Amino acid sequence: MRRTFIAGNWKMHKTPAEAVALAKELVSELSGSSHKVLVAPSFTCIQAVGEVVKDTNILLGAQNMATVEEGAHTGETSVLMLKALGVDAVILGHSERRHVYGETDEMVNTKVKLALQHGLEVILCVGEKLEEREAGQAEAVVELQTKEGLKGVSEADLAKVTIAYEPVWAIGTGKTATPQDADDIHKVTRGVVKSLYSDKAAEEMIIQYGGSVKPDNATELMGMENIDGALVGGAALKAELFVPIAQYDK
Ligand code: PGA
């Protein structure tokens, strides 16, 4: 039985004071949650939010990290820095990183391996753009991003990887993939994991859906056989929206 995993990606929102206030609300409202829950604040808020969620059931995430451990990389943040702040997991290959900041599959894969090497959990994001979906390439794009992202990752390390399927056209647009369309891609993704690893690895892989997840569509999406949770953007910024998603009941 796969454990539902709900993650909030706060993107480039909130000052430390605002982030702390939200984290405090989530800690008090989600203390009894049976699901795995994570929040990923911006780098400038990780430390403050980390102090709030420390020793609670809410995990601390980061939204990105550098491809190398340290050095002359102006503006980048290293895995060592994230570890020192108590970060549990890092979101890698988010479509905004891929398509706005030009991250390649190779860079994403380097980051995935580096994070795992340092014991961080990884949320590996994959997803097709609108023109790719319209051209009938959604499955091929997701398959390739999954394969490239996981290159060189051992089956033992795979237990620390969550895959997030986020169709780019559904992110922040209010358009959601239909539960069936999403489940179809999740099934393909699980098949990729099976072909790369084993039946067991595929069966155990947590695959989140992301893209305009809201309280009113969460239950239907997560009721699908292959959807094991959600990576939530906009609706993660308000406790009254994130809490019902994080507490949804299958
Ligand atoms: P959204 O973002 O929920 O605002 O669509 C999801 C994401 O980008 O992770």
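Me: In this predicted model, a pocket is an open set of grid points with protein on both sides within 12 Å along at least five of seven lines; how much space lies in the largest pocket?
Reply: The largest pocket draws on H2 and on helix H4 (95-99), each of which supplies at least two residues of its lining. By class, that lining has 5 nonpolar, 8 polar and 4 charged residues. The space in the largest pocket comes to about 510 Å³.

Me: Which residues of the lining are the closest to the centre of the largest pocket?
Reply: The space in question is that of about 510 Å³ in the largest pocket. Of the 17 residues that line this pocket, the closest to its centre are Lys-11, Met-12, Gln-63, Arg-97 and Tyr-101.

Me: What is the volume of the second largest pocket, and which residues of its lining are the closest to its centre?
Reply: The second largest pocket has a volume of about 290 Å³. It is lined by 15 residues, and the closest to its centre are Leu-158, Ala-159, Lys-160, Glu-204 and Met-205.

Me: Which element gives the most residues to the lining of the second largest pocket?
Reply: The elements that give two or more residues to this lining are helix H8 (155-158), strand E6 (161-165) and helix H10 (199-204). Divided by class, the lining of the second largest pocket holds 7 nonpolar, 1 polar and 7 charged residues. With 3 residues, the element that gives the most to it is H10.

Me: Where do the buried residues of helix H2 lie around its axis, on the same side or on opposite sides?
Reply: In helix H2 (residues 43-53), the buried residues are Cys-45, Ile-46, Val-49, Gly-50, Val-52 and Val-53. Because they cover an arc of only 155° around the axis, they are on the same side of H2.

Me: Which residues are exposed on the other side of H2, and what covers its buried ones?
Reply: The cover over the buried residues of H2 includes helix H1 (16-29), strand E2 (36-40), strand E3 (58-62) and helix H3 (79-84). On the other side of H2, the exposed residues are Thr-44 and Glu-51.

Me: Which residue takes a positive phi just after H2?
Reply: H2 spans residues 43-53. Just after this helix, a positive phi of about 60° is taken by Asp-55.

Me: Is Cys-45 buried or exposed?
Reply: Cys-45 is found in helix H2, and, leaving out residues up to four places away in sequence, it touches Lys-14, Thr-15, Pro-16 and Ala-19. Since a residue under 20% relative accessible area counts as buried, Cys-45, at 0% relative accessibility, is buried.

Me: Which residues have the most contacts inside the largest nonpolar core?
Reply: The largest nonpolar core has 71 residues, and those with the most contacts inside it are Trp-10 and Leu-26. The largest share of this core, 6 residues, comes from H1. A second, separate core of 11 residues includes Ala-7, Ala-89, Ile-123 and Ile-206. To return to the pair asked for, the residues with the most contacts inside the largest core are Trp-10 and Leu-26.

Me: What is the relative accessible area of Trp-10?
Reply: Trp-10 lies in the loop between strand E1 (5-9) and H1. Leaving aside its neighbours within four places in sequence, Trp-10 is in contact with several residues, including Leu-22, Leu-26, Val-39, Val-49 and Leu-237. Trp-10 is buried, and its relative accessible area is 1%.

Me: Is Glu-29 buried or partly exposed?
Reply: Glu-29 lies in helix H1, and, not counting residues up to four places away in sequence, it touches Ala-239, Val-243 and Gln-247. At 38% relative accessibility, Glu-29 counts as partly exposed.

Me: Within what arc do the buried residues of helix H11 fall?
Reply: In helix H11 (residues 215-222), the buried residues are Asn-217, Ala-218, Leu-221 and Met-222. They line one face of the helix, because, seen down the axis of H11, they fall within an arc of 120°.

Me: Which residues are exposed on the other side of H11?
Reply: The buried residues of H11 have a cover that includes E1, helix H9 (179-196), strand E7 (206-210), strand E8 (229-232) and helix H12 (239-246). On the other side of H11, the exposed residues are Asp-216 and Glu-220.

Definitions and conventions:
Residues numbered from 1 in each chain as written. Predicted model: local features only at pLDDT ≥ 70, side-chain atom pairs only at ≥ 80, totals over all residues. Heavy atoms only, no water. Buried < 20%, exposed > 50% of the residue type's maximum accessible area, 1.4 Å probe, protein only. Helix = DSSP H or I, 4+ residues; strand = E, 2+ residues; numbered from the N terminus. Arc of directions from axis to C-beta. Contact = heavy atoms within 4.5 Å. Core = buried A, V, L, I, M, F, W, Y, C linked by side-chain atoms within 4.5 Å. 1 Å grid on protein atoms, 1.4 Å probe; cavity = no way out; pocket = protein on both sides within 12 Å on 5 of 7 lines; lining within 4 Å. Points joined across faces, edges and corners; volume = space filled by probe spheres on them. Nonpolar A, V, L, I, M, F, W, Y, C, P; charged D, E, K, R; others polar.
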